[in-house]
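Welcome! Here are some exercises to work through with the model on screen, each followed by a solution in steps.

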Amino acid sequence: MHDVDILIRGSLPQPLRDALHENYRCHDHAGGDAGGALDMAAAARIRGLAQGGWTVTPPAFLDSLPALELISVFGVGYDGVPVDYCRGRGIRVTHTPDVLTDDVADLGLALVLMSVRELVRLDRFVREGRWLAGSPPLTTRLAGRTAGILGLGRIGTAIARRVEAIGMKVAWTGRKPRDTPWRYVADLAELARESDVLVVACPGGPATRHLVDAKVLAALGPEGVLVNIARGSIVDEDALVRALADGTIKAAGLDVYADEPRVPPPLLSMDNVVLLPHVGSATRETRKAMADLCKANLDAWFDSGRVLTLVAELG
Ligand code: 8YV
């Protein structure tokens, strides 16, 4: 048992909560994302914060935790944490990279296949007995077509390898070019124009908000498909709904949304969009590995002043 007070915010898996409660004096911030009162005396003692990947922790809230040393995020994305503010106060921020890369990339590949080969629609075709009345509609070949990847980090790279394995060509864009086996295209709209499928795999946060806008969707074009396994904030959802409704793009496969778990209502009745409930990392094995790493970051810091997986901006 560490002689340390930590705060838990947002949704964490029960086994992780249990392990934290066994090892630390834990304070649950019942208000979660919405905030809510935190006992002032307890707040002054909080040295660690464990939070869900989607949890938003604003600077004003962190101001109420004067002794905070470390934020350990359960998730690879940490767009809910004000990293510049944390740098200013010397608060370390850790996350759970690598352990979820394969699962999220698998889901990216699955959404490419589900959207372009229209697998959900075809499943419904069988269930509704329509096969008895005639042949299913033909779909589109993936081999030989181009996947454009927005963000070639760990997950983007793993998706590139997977789509290449099914015979697709890969091009990508990101903040700056680097040496990769795949062609770099500096301009996102240009990448969209060249792509049959545009896969969003970059981090969320203010720097990437609405990067995929009406212009990019128009460039993707009437045969183009958008896949997003990253963050809903990166896509202008109103523009996406319009583009799917009026045929500006052909289809979309989405695992993430701007206001989860709320999905824009018009998408729910569209046949050309596959909707998943943010399950990129949602396997038992990966969630356990994420939980272990989230706790290991707290333990390493409070045992020996080390952090294991500090976020890149603070490295
Ligand atoms: C997690 C994610 O489900 O890691 C991330 O950034 O979006 C997901 O893999 C989420 O963080 C769990 O809170």
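**Exercise 1. Which residue of β12 stands opposite G253?**

Before the solution, a word on the model: it is predicted, so local features need pLDDT of at least 70 and side-chain atom pairs count only at pLDDT 80 or more, while totals for chains, interfaces and linings use all residues. Residues are numbered from 1 along each chain as its sequence is written, and side-chain values use heavy atoms, with hydrogens and water left out.

Step 1. Find strand β12, residues 273–275; helices (H or I, at least four residues) and strands (E, at least two) are DSSP runs, numbered from the N terminus.

Step 2. Look across from G253: the residue opposite is V274 in β12.

Step 3. Check the pairing, which requires that DSSP finds at least two bridges between two strands. β11 and β12 are parallel and joined by three bridges.

**Exercise 2. Describe the other partner of β11 and the way its side chains point.**

Step 1. Turn to strand β10 (residues 225–228), which runs parallel to β11 and is joined to it by four bridges. Here V225 is opposite A251.

Step 2. Follow the chain from β10 through helix α10 (residues 237–245) to β11: this β-α-β crossover is right-handed. The term means that, with the strands pointing away from the viewer, the path from the first strand over the helix to the second runs clockwise.

Step 3. Sort the residues of β11 (251–254): A251 and G253 point one way, A252 and L254 point the other way, and all are buried. Buried means under 20% relative accessible area, exposed over 50%, and partly exposed in between (1.4 Å probe, protein chains only).

**Exercise 3. Which residues are closest to the centre of the second largest pocket?**

Step 1. Recall the rule: on a 1 Å grid over the protein atoms alone, a pocket is an open set of points where a 1.4 Å probe fits, with protein on both sides within 12 Å along at least five of seven lines; lining residues have an atom within 4 Å of a point.

Step 2. The second largest pocket holds about 240 Å³ of space. Grid points are joined across faces, edges and corners, and the volume is the space filled by probe spheres set on the points.

Step 3. Of its 22 lining residues, the closest to the centre are S115, V116, E118, K250 and A251.

Step 4. Two or more lining residues come from each of α5 (101–116), α6 (119–127), β11 and β12, and α6 gives the most, with four.

**Exercise 4. Where in the chain do the partners R231 and D79 lie?**

Step 1. Apply the rule for a salt bridge: a side-chain nitrogen of Lys or Arg within 4 Å of a carboxyl oxygen of Asp or Glu. The count comes to 22.

Step 2. In the salt bridge of R231 and D79, the closest N and O atoms are 3.1 Å apart. R231 is in the loop between β10 and α10, and D79 is in the loop between β4 (70–74) and α4 (83–89), 152 residues apart.

Step 3. Compare accessibility: R231 is buried at 14%, whereas D79 is partly exposed at 32%.

Step 4. Now take a pair within helix α6: R127 and D123 lie four residues apart, about one turn of the helix. Their salt bridge has an N to O distance of 2.4 Å. R127 is exposed at 66%, and D123 is partly exposed at 35%.
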